[in-house]
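Here is a short report on one protein model. It covers a charged pair, strand pairing and model confidence.

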Amino acid sequence: SYLLSSQLQINRDVIIEAEIPGTVVLDGQGSTRVMQISSGTVELIGLNITGGLASSNDGGGIHISGSNTIATIKGCYIYSNEASGVKFCIDDIRNNT
């Protein structure tokens, strides 16, 4: 498990993949959004994303934004995240899968 004290800010091409699906936990501990994806081509594979909190915004677990951002999420379990808006937020769905 990775206990986060601040959100993971992703703004470049990256693949984050658990070697064994479901064994990597990214936990916001109820105090921070887990992940902000703002640009790049990003693949998230086999991760558990939990405990995210966005108290004044959308996307407690993951917030995807940016008109040129391409995000692919495969085999991830996104659970127990909180936000004042939606728990998982994609601002521009035309460029996300």
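## Salt bridge, strands and confidence

The structure holds 1 salt bridge. This is a predicted model. The partners are glutamate 43 and lysine 74, whose side chains meet at 3.9 Å, N to O. That distance falls within the 4 Å cut-off, so the pair counts as a salt bridge. Side chains of opposite charge can pair when their charged atoms come close.

How exposed is glutamate 43? Its relative accessible area is 23%, so glutamate 43 is partly exposed. Lysine 74 is also partly exposed, at 44% relative accessibility.

Strand E4 (residues 24-27) pairs with strand E1 (residues 2-3). Strand E4 also pairs with strand E7 (residues 47-50). The table gives bridge counts and directions.

| Strand pair | Bridges | Direction |
|---|---|---|
| E1 (residues 2-3) and E4 (residues 24-27) | 2 bridges | parallel |
| E4 and E7 (residues 47-50) | 4 bridges | parallel |

Which residue of E4 stands opposite tyrosine 2? It is leucine 26. Towards E7, valine 25 has asparagine 48 as its bridge partner. In a regular strand the side chains alternate between the two faces of the sheet.

Now for confidence. The mean pLDDT of the protein is 86. A pLDDT of 70 or more is reached by 87% of the residues. Over residues 92-97, pLDDT stays under 50. The model has 14 contacts beyond four places in sequence for this stretch. Where pLDDT is low, the predicted coordinates should not be read in detail.

Key: Residues numbered from 1 in each chain as written. Predicted model: local features only at pLDDT ≥ 70, side-chain atom pairs only at ≥ 80, totals over all residues. Heavy atoms only, no water. pLDDT = per-residue confidence, 0-100. Contact = heavy atoms within 4.5 Å. Pairing = 2+ DSSP bridges. Buried < 20%, exposed > 50% of the residue type's maximum accessible area, 1.4 Å probe, protein only.
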